[in-house]
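Dear colleague,

Here is the structure for your files. My notes on it follow below.

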Amino acid sequence: MSELDFLNHYPQTPDTWDEMFSSDNNIRPPYQKVIEYLSTESADGLAKKEDLAKNLFMSQGITFTVYNSGEGIEKIFPFDIIPRIITAQDWSFIEKGIKQRLKALNTFLKDIYSNMFIVKDGVVPADIIYSCPHFLREMYKVKVPYDIYVHIAGIDLIRDFDGTFYVLEDNLRTPSGVSYMLENREITKRLFPDLLPQCKVRSVTEYPEILYKNLKAISPRQISNPTIVLLSPGSYNSAYFEHTTLARLMGVELVEGRDLLVENQTVYMKTTNGRQQVDVIYRRVDDEYLDPLVFNPDSILGVAGIMSAYKKGNVAIVNAVGNGVADDKAIYSYVPQMIRYYLNEEPLLKNVPTYQLGNKDEREYVFANINSMVVKRTNGSGGYGMLMGHVASDEEIHQYKQEINSDPRQFIAQPTISLSAAPCFINKALHPRRIDLRPFALCGPDGIEIVPGGLTRVALNEGSLVVNSSQGGGSKDTWVLAS
Amino acid sequence: MLSRVASNLYWLSRYMERSDGILRILKINYASSQDALNEFSWRPVIRIYDSPEEAIIRDIEFKSRDVLQYMITGKSNPNSIINIITLARENARSVQDHLTKDLWQCLNEYYHLVNDKRLISSLKKGDPVSVLDELIKQVMLYYGIGEVTMERGEGRSFMNIGKYLERSIQSTDILDIKFNKANSDPDLLRGTTYLRYLLLSLGAYDLYLKTYRQGFDPENVLELVVLNNDFPRSVLYSVNNIFRYFERLKQNNDIVESKELSFMIGKLQSTIKYSTVESITHQGLHAYLGQIKKDLYGIGNALNLNYFAYA
């Protein structure tokens, strides 16, 4: 058997952009060196690398626990060893597109929570704002440092059959996954020695430093050493590993709600030396649970009184409270108009065409073409509660339609976009699987910075279009080339 | 440092020290059980760390392998190694930003080792000593990595206080239970076996031989395990260290409440320092050790109240 055997007979998915192979089955130039490297390895050699990756994740505790009949089982998020590559040219386009989009979204948030010019000018309908559950009246006229609402954004991108990038979702609340961007790279360094420098892959390690710099800059007390904390819901949260990683890499304190208290509209943490004032909170707790006095009264994850300290300007909270109104799926379809309205520019990154089911004409169109549609809840996340029209049974469709009719505002529909595919090493051979891309953008007083890389999520089930980790998704290391 | 973090570091350290103590006791007692002419009872060993129902003890007390499984992988035993290391790791998990990555990785490996099927099956069928050795090595790695990589700050002081508090409680317990048994069965002290294994399980055997040249004498054993200044598992040595690390903590951390704790630790240290074998025998060993244990628990409670409590 020739060593190249596991590379041959790669079954390309029809009508789909493949990241590594062109439609005539040639290897795309950026992947040339990777293929050269892989072809010196046997399939068994690669399988060994796969095991090494698993062991590294395990011994570093990069795991989450699944509870099954009382026994906690430790699992790792599946990692595919074959990297995903983005050319310098594509990256520069993505970078510009995301910066433009974020600038508009941030301005939108400031506008919505102050003058609402965009509504008064009739660009975004008022009812779509007021019916959004994440629109928080508590944030009206609250001044946030430097007018920055979105400090950290994860914009999900996908590629259609011709390779065009589309924005699938804006995540402006507490986007997660950045620790996997960092860890995947560390693992890849171990798996493929010397390959990264040979391919001129840009480094992602700056991320924690940039984030720290931005957090420090927005401290309400302008002192040389403000207290910055990362507020986590606690060790049972599925993203807990990420919280600990970021806290460690930035050298900030990792706190839980019970470690904090509020007095005289000032936030303190309880230390062995008494109280210590907190200046900046990078919270990974959702708005809803942040303050039991203002939001969900049953929440024990948050801190009572924290909103009063925030409104008073005694503490900075990252991301800002109330951002959900900008990444709601119903608002999403207005982002191109926002870009034109606020920036007077044409949007660089395309939106996936989106139908508002709250609108009667659009609803009827969607119902008539339901087999080629994906229907989503506007406030859903994690890939739950979606209807994939091309695979759903008649009964599922019927049921879903009833749900839609009872409250149409809560749903949007998009034509099924076929995500691009990338080769994954599965059962000792290369198979195509669908992927997306989540670059992480950081916004501070100096502007928006995007670390060259991101999280490539993979739908590991054959034929699946859902990349969410809760639905059988995995990830790949993501390489952005320097030239 | 956050109170919660201090508390987690302290408990992490207590659990790790406890697992070390248990593993050593198991190893020595297993060897002793292979040496015994009569049936070897594990009852005192089980009773040091757990107080299960009589039926459970009766069921396994003469079956070495069952006891080892109960003490290492037994889910129903709150102080089994598997339960202790799970707790240690959970404590560490939420303070990872205060541990070095190396130390966290080591704890993980320890955890995965105890859960390893290969290990569990060789505990049932293979050589138990190899299993114990492998686990002990993991604890030693933990101590070594801590020594080399951990910052010498507040966190380390809390960890050391936890470690030495746990160690002094263990040494006191072991001595108390072993001498109690000898009291009810004086024949045990006539041969050398009983005292030799007692010393071995505390890692005191070599030092004993070097210090006392005239055979095994219960009073000398007592002196070594309670009053010796240089034996790392003696009660005095451990309490000296609690004192030392608490003083260090106080330097940067002088809250009002520290005075009370300082007093408690100092008093206990003096009590032990100015005891002699004669004064202990005069008071009665059981009563003496009982008082020490009470003081140690008191220190633990005061730490909890003044440094860890969530007010």
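**Contact between the chains**

In this predicted model, 19 residues of chain A are in contact with 20 residues of chain B. On the side of chain A that touches chain B, at least two residues each come from helix H2 (43–59), helix H9 (240–250), strand E7 (253–255) and strand E9 (266–271) of chain A. That side of chain A divides into nine polar, five nonpolar and five charged residues.

**A covered strand**

Strand E3 (residues 79–86) of chain A is mostly covered, with eight of its eight residues buried. E3(A) runs parallel to strand E23 (residues 473–480) of chain A, and five bridges join the two. One of the bridge partners in E23(A) is A:Ser475, which pairs with A:Phe79.

**Backbone points to check**

Most residues other than glycine have a negative phi, and most peptide bonds are trans.

- A:Met116 has a positive phi of about 60°. A:Met116 sits in the loop between helix H3 (88–112) and helix H4 (117–120) of chain A. Because 14 other C-beta atoms lie within 10 Å, A:Met116 is partly exposed.
- A:Asn264 has a positive phi, near 50°, and lies in the loop between strand E8 (260–263) and E9 of chain A. A:Asn264 has 10 C-beta neighbours inside 10 Å, so it counts as exposed.
- The peptide bond from A:Val318 to A:Asn319 is cis, with omega near -20°. A:Asn319 is in the loop between strand E12 (316–318) and helix H12 (324–327) of chain A.

**Confidence**

The average pLDDT of chain A is 91, and 96% of the residues score at least 70. In chain A, confidence is lowest in strand E1 (residues 64–68), at a mean of 68, and highest in strand E11 (residues 280–283), at 98. Where pLDDT is low, the predicted coordinates should not be read in detail.

Regards

Conventions. Residues numbered from 1 in each chain as written. Chains lettered and ligands numbered in written order. Predicted model: local features only at pLDDT ≥ 70, side-chain atom pairs only at ≥ 80, totals over all residues. Contact = placed C-beta atoms within 7 Å. Helix = DSSP H or I, 4+ residues; strand = E, 2+ residues; numbered from the N terminus. Nonpolar A, V, L, I, M, F, W, Y, C, P; charged D, E, K, R; others polar. Buried ≥ 20, exposed ≤ 12 C-beta atoms within 10 Å, placed from the backbone. Pairing = 2+ DSSP bridges. pLDDT = per-residue confidence, 0-100.
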